[in-house]
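Colleague: Could you walk me through reading a structure like this one? I would like the general idea of each feature, then the case here.

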Amino acid sequence: ARSPSSGFHLLTLSGKIIGLIALDASKSSTSDPSIAPSTTTPSATERKQMLESKGTAKVATIRHFFIEEAYRPAKPEDDLLQFTVRKAFEGDKTVESVRALSGRLSPTVEESLRRNGFFPGEKEGTLGWFKWEKRWYTLTREAWEAQDKA
């Protein structure tokens with residue numbers, strides 16, 4: 001409700017939910033301390049103002065992206081991702097890019113991001129026993145429009 005480009009979308013098959021994706025394009029889409037730690041922690045008042053503010057950010061963040069394992073060979077995540085990205089860019093012209101955090105612990109998501117024009121960017125840390133790196137993947141409006149015309 002805070003931005004027309006934000007959304008929570010479900011992918012269903014025969015009435016069963018097989019996937020989901022959540023996109024945050026609100027003004028605070030890149031300021032969640034659990035996703036993008038900052039050097040200063042916002043006060044309770046600042047956090048409340050941030051959460052109540054309406055508007056759209058230049059960078060939209062995919063917060064959740066999941067497909068049931070049994071359906072992954074058919075790659076339905078691509079349809080869900082493409083639908084969400086289109087809604088983000090068409091929802092508000094303010095959105096300049098869409099980003100998602102992924103790594104080797106979520107290969108289905110990472111592969112879908114790459115197949116759909118997202119490019120790997122800055123490292124965000126590591127996960128798991130083997131310290132697999134997490135990385136931001138980004139798709140710019142310009143790259144998306146070029147794909148759409150092709």
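Modeller: Gladly! At 44% relative accessibility, I17 counts as partly exposed, a class between buried (under 20% relative accessible area) and exposed (over 50%), with a 1.4 Å probe and protein chains only. This is a predicted model, where local features need pLDDT of at least 70, side-chain atom pairs count only at pLDDT 80 or more, and totals for chains, interfaces and linings use all residues. Residues are numbered from 1 along each chain as its sequence is written, and side-chain values use heavy atoms, without hydrogens and water.

Colleague: Which strand holds I17?

Modeller: Strand 2; strands are DSSP runs of E, at least two residues, and helices runs of H or I, at least four, numbered from the N terminus. S26 is in strand 2 too, which spans residues 16-26.

Colleague: Is S26 buried or exposed?

Modeller: S26 is buried, because its relative accessible area is 2%. Its side chain makes a polar contact with that of D24 at 2.6 Å.

Colleague: And how do I read the nonpolar core?

Modeller: A nonpolar core joins buried Ala, Val, Leu, Ile, Met, Phe, Trp, Tyr and Cys residues through side-chain atoms within 4.5 Å. The largest one here has 23 residues, of which I62, L81, V98 and F118 touch the most other members. Helix 2 (76-91) is among the elements that supply at least two residues each, and its five residues are the largest share.

Colleague: What does L81 contact, leaving aside neighbours within four places in sequence?

Modeller: With contact meaning heavy atoms within 4.5 Å, L81 meets I21, I62, F65, S112, L113, N116 and F118.

Key:
A polar contact is a pair of N or O atoms within 3.5 Å; within protein, one must be able to donate a hydrogen and the other to accept it, and residues adjacent in sequence count only if both atoms are side-chain atoms.
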